[in-house]
Amino acid sequence: MFDIGEFKAGPRNAITDVAGLRVGHAAYTDAGAMTGTTVLLGPVGGFVAGVDVRGGAPGTRELDALDPRNLVPRIEAIVLSGGSAFGLDAAGGAVAWLAERGRGFPVGAEPYQVVPVVPAASLFDLGRGGDWRRRPDAALGRAAIAAADAEPEHAPVPTGSVGAGTGAMVGGLRGGVGTASVVLPGGVTVAALAVVNAAGSPVDPIGGLPYAVGLGLPGEFPLSPPEHAEHAAALTRAAAAAQTPPSLNTTIGIVATDATLTRSQAQKVAGVAHDGLARAIRPVHTLYDGDTIFAVSTARVPLPAPDPTTPYGVNEEAAALTLLHAAAADVFGRAVLHGVLAAKRGGSVPAYRDLYPNSTCRYDG
């Protein structure tokens with residue numbers, strides 16, 4: 001139905017290819033610390049947003065505000081953080097930063113009388129730097145949103161072991177932040193930001209290639225199948241680094257588009273994005289994971305209007321949404337793989353590129 005050859009990545013292959021979105025990272029990496037926070041900041045006035053939670057151990061804040069049945073129509077920012085439930089404190093710093101600038105849901109006549117609604121999701125990385133008590137707080141959330149605000153529009157997004165991905169792991173390997181984008185025929189941009197920290201593995205144990213490599217756009221993932229000796233050595237090293245029982249985890253992220261979506265439509269996009277996660281990590285949505293994906297719309301490109309004369313809802317709007325859903329799933333899976341490939345070794349935990357240096361030597365994403 002969809003020919004991947006018709007699609008192309010945005011100029012930066014990043015979530016910032018959606019105009020108006022900025023990303024900021026902040027982290028604690030001093031003695032005993034290996035954790036951080038990432039903020040997606042929207043334009044003044046915010047964006048439409050939805051969310052879908054599929055994991056069995058989520059850490060979240062303000063998700064009910066995104067329910068299409070509820071009041072707040074737009075939000076200004078989303079916080080992704082390490083630190084498990086403790087790391088949700090980072091959202092408080094983002095709230096304070098927005099309030100100081102009069103950005104949020106208006107509740108009074110004065111410009112400062114706003115309540116910034118900032119949804120957040122966290123992943124488990126407690127103790128990975130050695131000190132269980134070092135985790136993101138309001139100060140780190142403030143630093144991350146300030147970093148996002150300082151970026152120019154369409155800035156490249158640092159990936160790998162940064163921000164919320166600083167202490168991330170995936171299937172015994174280092175995880176991290178990844179991003180990707182696609183421009184659909186007609187000009188709509190769909191993009192994703194993923195923080196990969198999963199109990200499952202991104203790697204097919206049979207051949208050693210990542211599960212998501214087939215989701216890439218032409219030339220995006222120039223990985224070669226590893227030779228037998230390289231794969232055998234990688235399996236041995238990965239097994240030695242694996243934790244038994246597995247640690248608590250969680251992959252969190254955001255799909256964004258400039259297509260005009262309602263809150264209900266954004267919620268649907270968040271749901272189908274989990275299909276991309278399932279194509280990139282196996283297994284997903286376990287009781288050890290709190291997999292949570294947001295979807296945001298900057299509402300700059302209108303979808304075709306539905307034709308009321310067409311039976312059974314088969315019309316141009318439905319067709320455009322179906323294409324957008326397919327793109328959302330694939331772009332999130334691609335962002336997951338970029339996060340895995342950009343990760344760097346941390347302590348005794350190897351990264352994928354450490355295990356497969358020959359097969360990944362042409363990747364420079």
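Predicted model: local features only at pLDDT ≥ 70, side-chain atom pairs only at ≥ 80, totals over all residues.
How many aromatic pairs does a search of the whole structure find? The count comes to three. Mean pLDDT for the protein is 93, with 94% of residues at 70 or more.

One of the three aromatic pairs brings together phenylalanine 221 and tyrosine 363, which are stacked, with 6.5 Å from centre to centre and 20 degrees between the planes. Phenylalanine 221 comes from the loop between strand E12 (189-196) and helix H3 (228-241), while tyrosine 363 comes from the segment after helix H6 (352-355), so the pair ties together parts that sit 142 residues apart in sequence. Both partners are tucked away: phenylalanine 221 is buried at 8% relative accessibility, and tyrosine 363 is buried too, with a relative accessible area of 3%.

Rings also turn up as partners for arginine. Arginine 135 lies over the face of phenylalanine 86, 3.7 Å from the ring centre. In another such arrangement, the charged end of arginine 282 sits over the ring of tyrosine 211, at 4.2 Å from its centre.

Next comes asparagine 13, found in the segment before strand E1 (22-28). Is asparagine 13 buried or exposed? With a relative accessible area of 17%, asparagine 13 counts as buried, because the cut-off for buried is under 20%. Its side chain makes a polar contact of 3.5 Å with the side chain of histidine 338. Leaving aside residues up to four places away in sequence, asparagine 13 touches Thr179, Ala180, Ser181, Glu220, Arg334 and His338. Glu220 in that list is followed in the numbering by phenylalanine 221, the ring stacked with tyrosine 363.

Glycine 167 is the last stop, in the loop between helix H2 (138-150) and strand E9 (169-170). Its relative accessible area is 0%, so glycine 167 counts as buried. Which residues does glycine 167 touch, not counting those up to four places away in sequence? The answer is Met34, Thr35, Asp125, Arg128, Arg174 and Asn197. Alanine 33 also deserves a mention: glycine 167 and alanine 33 are 134 residues apart in sequence, yet their C-alpha atoms are 8.7 Å apart in space.

Methods: Residues numbered from 1 in each chain as written. Heavy atoms only, no water. Helix = DSSP H or I, 4+ residues; strand = E, 2+ residues; numbered from the N terminus. Buried < 20%, exposed > 50% of the residue type's maximum accessible area, 1.4 Å probe, protein only. Polar contact = N/O pair within 3.5 Å; in protein donor to acceptor, adjacent residues only side chain to side chain. Contact = heavy atoms within 4.5 Å. Phe/Tyr/Trp six-rings, centres within 6.5 Å; stacked < 30°, edge-to-face > 60°. Lys NZ or Arg CZ within 6 Å of the ring centre and 35° of its normal. pLDDT = per-residue confidence, 0-100.
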